Amino acid sequence: MPASRPDARTVEHIEAWFDDHGLPYFTGDRADTVEGWLSSKRIVAVIVLIVGVSVAAGLLVGTAWADRGSLGTAVGLLVFLALLGLFAGRLLRMGTMMRWAVRRTFSSLGLMFPLLTRALPLLLLAVTFLFINAEVWQVAALMPRHVLWIAVGFFAVIAAVFLLVRLPEEVREVEREVVGPRVVECCAGTPAEEASRLVAAVPPDLPRFARANLVLVLLFNQAVQVLLLSLGLFAFFVVFGSLTIPDSTVEAWTGEPVTRLPSSLGRLIPVTNDLWQVSVFLSAFAGLYFTVYAVTDETYRSQFFAGVSTELEQAVAVNAVYVSLTRESS
């Protein structure tokens, strides 16, 4: 059987499979495009442009509403994040990875629940103690809104750093395991299944962008889980605080009168501004706590990566077949 015709179709199907599984950097042309952008001076120009537009937007809003300096800061930060997200989603194709992470998380909620229940008891004990602590209310309830969002962003950055330190090692362990007959086994159920039996697919060392792609999909997958946990805890704090902590207690803790949320937000969440800010602050802190727990607890790590290791092994094995096919056709 001529190899060129089925190989061409198989390569196309494999590339579509990569896209569907959040692995755009496994396709050589796309990885080269991204690498060309990131290694050129154009990326500096893009970042400078994003920063300039964000600062201009913040100054414009801050000048128009001179008494709302925090609003200008918030608008500038939002514009920066929006433009950076658009750039990352379109050119760096991180939107593909995020869509896969969201689909996978919601399709495996039943598997995620036992993992979360390992961390929730100790987590709830710790953050509930903080929730009824007067000092926490003095800090979180009285801080300006833009400072609150900066604190939330700081927690998110620290959590991402913890994950980025650990996840590359998990990817390297998977690479070491997918050798020999494991390539054919791992390709079962993928577009590379038939080709894996016909070509001598020796898993090469993953290019740095392909390895970074695997790290990013793991990072996004964990981030979606942490976000769901934080949202659940935010709802818990809002309900618990509304039922158990009267306004008089809040005023005694903070030393300031209780304030209300702006009317637009207050209609959606009928709670005080103090309770809302404390709930946001502690739920973000709980997300960081859970991330550190996920990285340091051996049992949790083994259970979590047992759920995704099959997909990582498939990615490495299919990439080996893909590389072999593209080399034969070139």
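## Burial and the cysteines

A residue is called buried when its relative accessible area is under 20%, and exposed when that value is over 50%. The structure discussed here is a predicted model. Cys187 has a relative accessible area of 0% and is therefore buried. Cys186 comes out at 7% relative accessibility, so Cys186 is buried too.

The structure contains zero disulfides. For a disulfide, two cysteine sulfur atoms have to lie within 2.5 Å. The cysteine sulfur closest to that of Cys186 belongs to Cys187, and because the distance is 7.1 Å, the two are too far apart for a bond. Seen from Cys187, the closest cysteine sulfur is that of Cys186, again at 7.1 Å and too far for a bond.

## Helix α3

Helix α3 covers residues 42-64, and Leu59 is located in it. Leu59 has 55% relative accessibility, so it counts as exposed.

## Helix α5

Helix α5 runs over residues 94-107, a total of 14 residues. At 1.5 Å a residue, α5 should span 20 Å, and the distance between its end C-alpha atoms is 20 Å, so the two values agree.

Which residues of α5 are buried? They are Thr96, Met97, Trp100, Ala101, Arg104 and Thr105. Because they take up an arc of only 160 degrees around the axis, they sit on the same side of α5.

## Helix α14

Helix α14 is formed by residues 273-296, which number 24. From the first C-alpha to the last, α14 reaches 35 Å, close to the 34 Å expected at 1.5 Å a residue.

How many of the residues of α14 are buried? The count is 20 of 24, and α14 is thus mostly covered.

Notes. Residues are numbered from 1 along each chain as its sequence is written. This is a predicted model: local features need pLDDT of at least 70, side-chain atom pairs count only at pLDDT 80 or more; totals for chains, interfaces and linings use all residues. Side-chain values use heavy atoms; hydrogens and water are left out. Helices (H or I, at least four residues) and strands (E, at least two) are DSSP runs, numbered from the N terminus. The expected span of a helix is 1.5 Å times one less than its number of residues. Buried means under 20% relative accessible area, exposed over 50%, partly exposed in between (1.4 Å probe, protein chains only). The arc is that of the directions from the helix axis to the C-beta atoms.
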